[in-house]
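Welcome! Please take a moment with the sequence and the 3D view, and then let us walk through them together.

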Amino acid sequence: MTSPNLGAPPPGSETLRKPLAAPQAPPPADAEAARRALVTLRDEVAKAVVGQDAAVSGLVVALLCRGHALLEGVPGVAKTLLVRTLAAALSLDTKRLQFTPDLMPGDVTGSLVYDSRTSEFTFREGPVFTNLLLADEINRTPPKTQAALLEVMEERQVTVEGVPRPLPAPFAVLATQNPIEHEGTYPLPEAQLDRFLIKVTLPLPPRDDEVRILAHHAGGFDPGNLAAAGVSPVAGPADLAAARAAVSRVQIHPEVLAYIVDLARATRAAPSVQLGVSPRGATALLATTRAWAWLSGRAYATPDDVKALARATLRHRISLRPEAEQDGVTADTVLDQVLAVVPVPR
């Protein structure tokens, strides 16, 4: 699968070939079958979405880590179509929620409704009761409604009138936002951004991919009819469960753990950074590193796995100083500098 960092590790990077611990037993057959099924997702999604292989890889990594993903890209790069196609290829239930300025918390989580026939209040489930929640243009709703997702994303439950109601499993929030248009938007608070495991940027496609997109549409492709495009389930919840168990067995060298910590600490010391990566961010990078190593067919993680996921996992956890933003510095710029200077374990 294509690395979700939207770029390969820097040239000349060293790779830690083996962990210190003794190799574990080979993964069970169902885990290996699950890995093959998840790797084929890219080809299945490509039947409807052209040129976003890295984004697909990032979303698969997020699902393997039971994490949430933030997709950022200008309108028209198939963010919504990507989520719908991924859900279809994974045989998962999905619901779309269009975030607007007048959206209320109950519209997201659900609410108690009075039934005049029984003279009782009953809970009406909101759209979060699904497997994949597509939170479209999440930054267009006020902070009060955005905050309704905090418990959903962290605890995977909804509490109404003191009664917790668990969400279906698996569950993930896949949110989209436009990086350019800021009028009428509400920036996501740091606490909510930190709940997203990864942030995937969807670039404009190169010319050849754009020609293929038009060829699809010229051939009768209908984004509203994925079945007609040939998209069919290639994996399901059982595969995700087996894959997650296998990912938890991926070994990681103590020096690679220290490398992840050094990268996080280096972001905090960068002169252009106001708020660097927290320990939660380092933990997230550990999780995505192990997932990527497993998807790559290895039972141990390497520094190159860390580099492959560093940008997608950490870019939204870095807050820049205003003067740095005015100079054109981005979170990816900081991460490129950090990856270039932090010593790589040998």
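**A guided walk through the model**

Let us begin with two helices: the axes of helix α10 (residues 254–269) and helix α14 (residues 331–341) come within 10 Å and cross at roughly 130°. Angles over 145 degrees would count as roughly antiparallel and those from 65 to 115 as roughly perpendicular, so α10 and α14 are described as oblique to each other. The crossing in which α10 passes α14 is right-handed. On the α10 side, the contact is made by Y259, L263, A266 and T267, and these meet L335, V338 and L339 of α14. Please keep in mind as you look that this is a predicted model.

Next, turn to the sheet. In which order do the five strands of the open sheet lie? Reading across, you will find β2-β5-β8-β1-β9, with parallel pairing. Strands β2 and β9 stand at the edges, and each has a single partner strand, so one side of each is left without a neighbour in the sheet. On average, neighbouring strands here are turned by 20° against each other, direction ignored. In general, strands of a sheet pair through backbone hydrogen bonds, either parallel or antiparallel.

You can follow one of these pairings in detail. Strand β1 (residues 68–72) runs parallel to strand β8 (residues 172–177), and four bridges join the two. Within this pair, L70 stands opposite A175 in β8. Helix α3 (residues 53–64) packs on the sheet, where α3 touches β1, β5, β8 and β9. The direction of α3 makes about 175° with that of β9.

Now for the charged side chains. The model has 14 salt bridges. One of them joins the side chains of R96 and D136, at 2.7 Å from N to O. R96 lies in strand β2 (residues 94–98) and D136 in strand β5 (residues 132–136), so this pair ties together parts that are 40 residues apart in sequence. Are the two partners buried or exposed? R96 counts as exposed, at 51% relative accessibility, whereas D136 counts as buried, at 5%.

Another salt bridge brings together the side chains of R280 and D194, at 3.2 Å from N to O. This pair links distant parts of the chain, 86 residues apart: R280 is in helix α11 (residues 279–295), and D194 is in the loop between α7 (190–193) and β9 (196–201). R280 counts as partly exposed because its relative accessibility is 37%, while D194 counts as buried at 16%.

D305 and R298 also meet through their side chains in a salt bridge, at 2.7 Å from N to O. D305 is buried, with a relative accessible area of 2%, and R298 counts as partly exposed at 23% relative accessibility. Elsewhere, E32, R35 and R36 are linked in a network of salt bridges.

Our last stop is A235, in the loop between α8 (207–218) and α9 (237–247). A residue under 20% relative accessible area is called buried, so A235, at 7% relative accessibility, belongs in that class. Which residues does A235 touch, leaving aside its neighbours within four places in sequence? A235 is in contact with A37, L38, A89, L90 and S91. Take A37 from that list: A235 and A37 are 198 residues apart in sequence, and their C-alpha atoms are 5.6 Å apart in space.

Notes. Residues are numbered from 1 along each chain as its sequence is written. This is a predicted model: local features need pLDDT of at least 70, side-chain atom pairs count only at pLDDT 80 or more; totals for chains, interfaces and linings use all residues. Side-chain values use heavy atoms; hydrogens and water are left out. A salt bridge is a side-chain nitrogen of Lys or Arg within 4 Å of a carboxyl oxygen of Asp or Glu. Buried means under 20% relative accessible area, exposed over 50%, partly exposed in between (1.4 Å probe, protein chains only). Two strands pair if DSSP finds at least two bridges between them. Axes are lines fitted to C-alpha atoms, for helices over the stretch in contact, and angles run from 0 to 180 degrees between N-to-C directions. Contact means heavy atoms within 4.5 Å. Angles under 35 degrees count as roughly parallel, over 145 as roughly antiparallel, 65 to 115 as roughly perpendicular and the rest as oblique. A crossing is left-handed if the near helix is turned anticlockwise from the far one by less than a right angle, and right-handed if clockwise.
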